[in-house]
Structures are given as C-alpha cells and as structure tokens.
Amino acid sequence: MNASPRAWTSEQLRDDAALSEQLFRTDRLVRSDAWRTQYLGARDKFELLFRILGDLGPDGITDQSLADAYGAKLAEALRYLAGPPISDDDLQVIANVESLAAGVLVKH
C-alpha cells in the first residue's frame with residue numbers, strides 16, 4: 001500500500017524555516033571551551049603564517065616562503081587566505097539581516 005507523501009502548509013514551512021535559521025544562528029554563535037581552544041590555536045598559526053609570508057601582495061609570496069609555510073605545517077591556515085571561512089549567505093543568516101550591504105547594515 002502506497003502512502004501519500006506528507007504535505008506541509010505554507011505556515012508550517014515558514015515556521016520551520018524560522019526555527020531552522022534560529023538553531024543555525026545559535027549553533028554558530030555559541031562560545032564554548034572548544035571554540036576558545038580552536039580559536040587560540042588558529043590565531044597562533046595565522047600569526048606565524050603572516051610572519052613567514054611577510055608581504056601578502058601578488059609578488060610578495062615566494063616559492064621559499066611557501067616552502068617555509070608548508071614546512072611549519074601551516075597548509076590549513078594557508079588555504080584560508082583564499083577566501084572567508086564562512087559564506088556571505090551564512091554570515092547574513094547569522095547576523096539576521098536582510099542584506100550585507102553597508103547602507104543596510106548601518107541602519108541596524
């Protein structure tokens with residue numbers, strides 16, 4: 001016997017979406033001991049990476065500075081230089097704003 005798939009009302013979908021956003025925001029903003037430990041370790045790695053690389057301009061990173069960074073086991077930190085650790089979409093949800101445009105953010 002085939003059962004019909006569950007159907008949700010627009011109100012249920014809206015409520016579930018709002019709850020999902022709130023749970024996502026709460027999960028990302030909770031600061032725990034694990035978060036602090038991770039943050040401090042990452043900060044130390046980035047400080048060392050910046051000292052090794054020096055000039056982060058297009059001509060500033062050399063084969064030798066990259067070799068030194070990889071030799072210091074900083075590959076993971078180096079990968080984060082290419083982009084933000086979270087997407088703009090995630091940041092917008094976490095910040096609970098309609099837009100990340102400067103003009104909109106100033107009003108909040």
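The following legends describe close-up views of a predicted model.

Residues are numbered from 1 along each chain as its sequence is written, and side-chain values use heavy atoms, without hydrogens and water.

**View 1. Helices α1 and α5 pack against each other.** Helix α1 (residues 10-29) meets helix α5 (residues 88-95) at about 95°, the axes lying 8 Å apart. Helices are DSSP runs of H or I, at least four residues, numbered from the N terminus. Axes are lines fitted to C-alpha atoms over the stretch in contact, with angles from 0 to 180 degrees between N-to-C directions. The two helices are therefore roughly perpendicular (65 to 115 degrees). Contacts (heavy atoms within 4.5 Å) involve Glu21, Phe24, Arg25, Arg28 and Leu29 of α1, and Asp90, Val93 and Ile94 of α5.

**View 2. Arg25 and Glu21 form a salt bridge.** A salt bridge places a side-chain nitrogen of Lys or Arg within 4 Å of a carboxyl oxygen of Asp or Glu; here the N to O distance is 3.6 Å. Arg25 is buried at 11% relative accessibility, while Glu21 is partly exposed at 39% (buried is under 20%, exposed over 50%, partly exposed in between, with a 1.4 Å probe and protein chains only).

**View 3. Asp90 and Arg28 form a salt bridge.** Their closest N and O atoms are 4.0 Å apart. This pair joins helix α5 to helix α1 across 62 residues.

Technical notes. Predicted model: local features only at pLDDT ≥ 70, side-chain atom pairs only at ≥ 80, totals over all residues. Parallel < 35°, antiparallel > 145°, perpendicular 65-115°, else oblique.
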